[in-house]
Amino acid sequence: MAATARALSPTPPERIGTLVKPNSANSQLWLCAYFPDLALTTLHLDLNQAVASAMSYKGQTRLHTVSAPARQAGVEPGMTPAAALALCPGLSIHNRDPFAERQALQQLAEIALDFSPWVSLDQPDCLLLEIRSCLTLFGGVESLRDKLKTVWQSSGHRPSIAISPAPTASVLLTKLGQETIVIDRQALRSALGPLPIAALALEDKILHRLSRTGIRQLTDLWRLPRDGLAKRYGATLLQQLDRLAGQQTQILQAFHRPPRFQASREMPIELERIEHFFPAIEQLAGEFAAFLKTRDATTLGITLELLHHGRPATFFVLDFRAGNRNPKHWCDLLYEKLERSPLPAPVLAITLLSAAIVPFQPERFSLFDDHEKPDSDAEWQAVLDQLQARLGHQALKFPGAQADHRPERAMTVAPNQLTANPDLAPRPLWLLTNPEPVRLSGLSLLSLAERIESGWWDDQPIRRDYHSAQDISGRRLWIYRDLNAKQQWFVHGLFG
């Protein structure tokens, strides 16, 4: 049996977000790619039209990003939609999607990892790459910049790129629209000198005080004595100037490509029976389990691909309710699926892959309670996975609650387990579809009245007093008195 197993992303043990300090601060060269239209491109809007994204800020909706045609019509970020439409009646305004922007930025960062091993997402709407060690490989700084820009533009984004020996300086230059390249640290202060001090992230009070003394540009600040600056405006201003000039080392978070797993086995001949090719699946599952344990991770799902000669591949997908790294559990579920699904043709090759890899969360249990079972929840989730694999994804439903005080509308079922809210009043597990009339004699009321008066906005209002009660046979009931129907009593549910 020819074996071709390949684990994608045999990544270093560092996870996303690990703090990494690059080598030798004096040799760093930082490329900053700023994506000013990211909020628009992630919404798949045509930037040649008058379009804008908006977001809520302190209870008011404001424009966040506008396209060039909208800007030419006088629309600016920060405007209210009404003011913008007054200037540009044809403006198309869409709600901003920060989650999609973050995902798009991570995809761009994955592309950047092909050009530099050191990529950071610390700055909003920006990517920072340390490129000094990659210049020889890509033919120099300009060639590297052009190749990166071409790749990012082919994915539909428009980056603005600046390169300097300091990450803060590169970010400042790109956000001011200055696509420059500064190789030497000695030349950095000269390049930054003409920039206005208003571009610095300073407090308004300090900016006002600097303006009153006639300081307008960075070069004016650098001419002043450091001791005097620190004494009059605080050490924070000096630290910011040092970061701009590359005289203070910054430690940024490194981005790593999310781990993925993919491994394959080729069959020596075409195989039809499950018991003949299933050992290969078990081998792949074992490799994947070892892959996860090495990285202290679990998976939320795997995909099995069966290749046939001259026919489309057959896919089997497993989605787990919680992170799982038990290869026996995977194989039991896959075997059950294979038994229930006749294959269209003999199997020529098998591929096991997964991209839903998450950090391992160990079970929590008390050191002083001998009766608690630390793996009880994992076993319960495994049973639910098995039921779902056997009966189908939509066959398993969980009781839950939705925002309505009326019991017949509050209780619902959903394919996914909902988070329980312990603050809610107790409700019976079994709610009758049609409440049944009952006599109060022979019942013992166990609780005070819980009045539910709701639904006046639609055609099904209710006005009831609910109680927990116990009948003569010991059953615990949920009964109510209908305040609108001659004070009649009904049974609405059973607690058990």
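Between which two strands is the loop that holds Asp-125 found? Asp-125 is found in the loop between strand 7 (119-120) and strand 8 (126-130); helices (H or I, at least four residues) and strands (E, at least two) are DSSP runs, numbered from the N terminus. The structure is a predicted model, in which local features need pLDDT of at least 70, side-chain atom pairs count only at pLDDT 80 or more, and totals for chains, interfaces and linings use all residues. Residues are numbered from 1 along each chain as its sequence is written, and side-chain values use heavy atoms, with hydrogens and water left out.

The mean pLDDT of the chain (the predictor's confidence in each residue, from 0 to 100) is 83, and 90% of the residues reach 70 or more. Over residues 1-25 pLDDT stays under 50, and the model has 62 contacts beyond four places in sequence for this stretch, a contact being heavy atoms within 4.5 Å.

Most residues other than glycine have a negative phi. Asp-125, which is not a glycine, has a positive phi near 65°. His-44 is likewise not a glycine and has a positive phi of about 60°. The loop that holds His-44 runs between helix 1 (38-41) and strand 4 (51-57). His-44 counts as exposed because its relative accessible area is 73%; buried means under 20%, exposed over 50%, and partly exposed in between (1.4 Å probe, protein chains only).

Ser-67 lies in the loop between strand 5 (60-66) and helix 2 (68-72). With a relative accessibility of 2%, Ser-67 is buried. Residues up to four places away in sequence aside, Ser-67 touches Leu-40, Leu-47, Gln-49, Ala-50 and Val-51.

The structure holds zero disulfides, a disulfide being a pair of cysteine sulfur atoms within 2.5 Å. Cys-126 is in no disulfide, and the nearest cysteine sulfur, that of Cys-32, is 3.9 Å away. Cys-126 counts as buried because its relative accessibility is 0%. Cys-134 is also buried, at a relative accessible area of 6%.

On the surface, Trp-380, Val-383, Leu-387 and Leu-391 form a nonpolar patch with about 370 Å² of accessible area together. Leu-387 is found in helix 14 (residues 376-391) and, at 35% relative accessibility, counts as partly exposed.

Key: Patch = residues over 30% accessible without salt bridge, like charges linked within 9 Å, V, L, I, M, F, W, Y side chains within 5 Å. Areas by Shrake-Rupley, 256 points an atom, 1.4 Å probe, with all protein chains shown as cover. Salt bridge = Lys/Arg side-chain N within 4 Å of Asp/Glu carboxyl O.
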